[in-house]
Amino acid sequence: MSTSYREIVNNGLWTNNQALVALLGLCPLLATSNTAVNGLGLGLATTLVLVLSNTTVSLIRNLVRPEVRLPVFVLVIASFVTAVELSMNAWFHDLYKILGIFIPLIVTNCAIIGRAEAFASKNTVPKAALDGLMMGLGFASVLFTLGATRELIGQGTLFSGAHLMFGEMARSWTIEIANYKGVLLAILPPGAFIGLGSLIAVKNWIDKSRKERARKETAVTDEGEMAAT
Amino acid sequence: MSRNILVSALILGLFGFIGATLVAVTEFGTHDRILENERQALLQQLYEIVPRERVDNDMLAHPLTVSAQEALGQESSLVYVGEKDGQLSAMVFQSTVPDGYSGPIRLLVGVDRNGVLLGTRVIAHKETPGLGDKIEKEKSDWILGFKGKSLTDPKLDRWKVKKDGGDFDQFTGATVTPRAVVNGIRRVLLYFDKQKDALYKEYLEKAKTNP
């Protein structure tokens with residue numbers, strides 16, 4: 001059983017989205033999605049670790065015996081996260097100050113060991129790397145959307161704090177709704193659950209209406225064939 | 001069978017070794033840089049509070065470790081001393097305010113020789129985004145308003161938020177956070193007033209013994 005590249009992209013971004021479908025990595029997802037910039041930051045860091053760990057796991061997949069594979073994966077992931085954290089602290093200190101608290105949280109993200117076990121350990125290196133990238137981007141886009149929604153509803157701004165990640169020129173990116181005080185609930189933890197629930201509902205609704213349309217189309221062609229016979 | 005177990009154990013051990021090596025090498029390669037980054041970041045914070053022209057010593061060279069749970073909120077806190085022309089010109093206190101809305105708030109409070117506030121910054125906090133986080137300089141100008149205040153301006157019994165009958169603004173929807181910060185700064189000022197001579201003496205001895 002081999003998955004095509006196209007399927008890998010589809011799975012990662014939509015069909016098997018780690019946050020909306022697999023519901024993995026909820027702890028960091030809910031904790032850091034209070035602004036768009038925070039969400040994007042954690043999303044990108046997670047993507048980086050996913051690509052690195054998927055690639056490594058795929059490289060060593062024939063070397064590691066099945067009975068010790070899980071502890072080996074955990075070792076690989078934990079080492080990478082620590083190395084990434086140290087390197088960011090050394091070379092991107094300002095960025096690290098913003099994302100610093102999120103990075104150790106990446107280890108707790110089950111999506112990463114999940115992809116190592118379910119995909120990377122059974123597939124070639126390019127496919128595993130692409131899977132890591134797509135799963136990561138899928139996760140990051142949910143984090144970003146949730147963060148942007150909560151920030152907008154909760155405090156009436158968008159991209160606040162962007163300069164902490166993109167430098168001084170990003171200071172002007174912040175959009176503010178005038179005379180809007182914000183709904184505190186959206187920023188607090190319950191807002192994260194309500195927001196994620198709504199995103200899942202929207203995704204399911206889109207899937208359902210797509211399926212319905214497809215069914216109608218097939219029904220129409222069926223009738224056409226019946227009439228012809 | 002036992003051979004399989006042995007091989008598995010060896011593989012696991014090998015990866016443990018590789019992982020530890022990776023982390024150790026990264027640590028080794030980044031250690032000095034990280035320390036230097038942290039030092040620069042701290043210096044930047046200090047100079048944001050204490051203008052550069054006010055001091056001519058290295059404020060990070062001889063930090064004092066003081067134990068003042070009541071006044072500074074922690075069993076041991078650091079105090080940085082600034083000198084100019086061989087005289088005390090500024091002190092910056094690390095202060096932890098325990099009674100924030102959601103946990104402790106960490107502050108840097110800078111005072112000049114006469115007990116006038118040079119400035120205050122929030123270093124770390126967990127206050128509610130959009131409400132209590134206005135204590136950050138990035139989010140609002142509120143924290144800048146302390147510059148120039150002292151125990152005589154306003155008078156000690158006015159060192160409170162307005163809601164408690166004092167002189168300092170609270171934010172709409174958040175009183176606990178500003179109250180905690182105002183009280184925390186007041187405690188630092190009182191501590192400085194009582195201890196400044198002892199602290200400066202301690203600094204001088206420390207600077208003399210290991211220059």
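The following dialogue explains how to read several features of a predicted two-chain model.

Student: What kind of model is this, and how are its parts labelled?

Tutor: This is a predicted model, in which local features need pLDDT of at least 70, side-chain atom pairs count only at pLDDT 80 or more, and totals for chains, interfaces and linings use all residues. Residues are numbered from 1 along each chain as its sequence is written, while chains are lettered from A and ligands numbered from 1 in the order in which they are written.

Student: Which helices and strands does chain A have?

Tutor: Helices (H or I, at least four residues) and strands (E, at least two) are DSSP runs, numbered from the N terminus. Chain A has eleven helices and two strands, in the sequence pattern α-α-α-α-α-α-α-α-β-α-β-α-α.

Student: How many of the residues of chain A count as buried?

Tutor: A residue is buried if 20 or more other C-beta atoms, placed from the backbone, lie within 10 Å of its own; it is exposed if 12 or fewer do, and partly exposed in between. By that rule, 41% of the 229 residues of chain A are buried.

Student: At what angle do α4(A) and α7(A) pack?

Tutor: Axes are lines fitted to C-alpha atoms, for helices over the stretch in contact, and angles run from 0 to 180 degrees between N-to-C directions. Helix α4 (residues 69–91) of chain A meets helix α7 (residues 110–118) of chain A at about 130°, and their axes are 10 Å apart. This makes α4(A) oblique to α7(A); angles under 35 degrees are roughly parallel, over 145 roughly antiparallel, 65 to 115 roughly perpendicular and the rest oblique.

Student: Which residues make that contact?

Tutor: Two residues are in contact if their C-beta atoms, placed from the backbone, lie within 7 Å. A:Phe73, A:Val74 and A:Ile77 of α4(A) take part, with A:Ile112, A:Ile113, A:Ala116 and A:Glu117 of α7(A).

Student: How many residues does each chain bring to the contact between them?

Tutor: Chain B provides 20 residues and chain A provides 23 residues.
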